[in-house]
Amino acid sequence: MEPKTPPTPAEDPLPVLAVDLDGTLIASDLLLECLWDALSRDLPAALGPLSDLCRGHRARAKARLAALASIDLAGLSWNQAALARVRAHRAAGGRTALVTAADRHLAEAVAQHLGLFDAVHASDGVTNLKGAAKAAHLTAAYPGPAGFAYMGDAGADLPVWRASRRAITVGVAPPLRRQVDALGLEVEHLVA
């Protein structure tokens, strides 16, 4: 049997563009936004999730804080370069997914607010969708030669970039930028 000829760029489908939220689409971290909001609204109620955080139960803390907090999504500091890149991918016919360690409740609210995502993958109160867990989840959700491209901003994203077809960084420092460049992938660097 003869080896299959690799597809031409015209035949090769666009990978799903998987996009991180904290530090990538927004300048802040929704966990901290929720924590400060919950502490300012109801200090005694916020102590339980804070205790979860201290004991390493991040996914549970995120779910509990998301239920307590009221975040003004329009008031967040949105990264316009990252949003423009997501819009360009969609305009080219590509699918997009919001993939975040933030709690699912907040991630779904963000996706609805922006209207830019075909799917949402997030922490669920049990699993904190970050690092290696995020990489495994995305590899299972988007297998195949097209797979997924990943847009992120932190060292915790290295396992996800390693598993991706294409790496897109957002506002990363030069040392991390060099690490991503060394992965041997097609890389695009966006300024935050």
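What volume does the largest pocket have? It is about 220 Å³. The structure is a predicted model, in which local features need pLDDT of at least 70 and side-chain atom pairs count only at pLDDT 80 or more, while totals for chains, interfaces and linings use all residues. Residues are numbered from 1 along each chain as its sequence is written, and side-chain values use heavy atoms, with hydrogens and water left out.

**View 1. Lining of the largest pocket.** A pocket is an open set of points on a 1 Å grid over the protein atoms alone, where a 1.4 Å probe fits, with protein on both sides within 12 Å along at least five of seven lines; lining residues have an atom within 4 Å of a point. The volume is the space filled by probe spheres set on the points, which are joined across faces, edges and corners. Of the 16 lining residues, Asp20, Asp22, Asp29, Ala101 and Lys130 are the closest to the centre of the largest pocket. Strand 2 gives the most to this lining, with three residues. Helices (H or I, at least four residues) and strands (E, at least two) are DSSP runs, numbered from the N terminus. The lining has nine charged residues (Asp, Glu, Lys and Arg), four nonpolar (Ala, Val, Leu, Ile, Met, Phe, Trp, Tyr, Cys and Pro) and three polar (the others, Gly among them).

**View 2. Lining of the second largest pocket.** This pocket holds about 180 Å³ of space. Among its 13 lining residues, the closest to the centre are Leu14, Pro15, Arg85, His89 and Arg166. Helix 4 gives the most to the lining, with three residues. Seven lining residues are nonpolar, one is polar and five are charged.

**View 3. The salt bridge of Arg85 and Glu188.** A salt bridge is a side-chain nitrogen of Lys or Arg within 4 Å of a carboxyl oxygen of Asp or Glu. Here the N to O distance is 3.0 Å. Arg85 lies in helix 4 (residues 80-91) and Glu188 in strand 6 (residues 186-190), so the pair ties together parts 103 residues apart in sequence. Both residues are buried (under 20% relative accessible area, with exposed over 50% and partly exposed in between; 1.4 Å probe, protein chains only).

**View 4. The salt bridge of Arg104 and Glu108.** The closest N and O atoms are 3.1 Å apart. Both residues lie in helix 5 (residues 104-114), four residues apart, about one turn of the helix. Glu108 is partly exposed at 39% relative accessibility, as is Arg104 at 30%.
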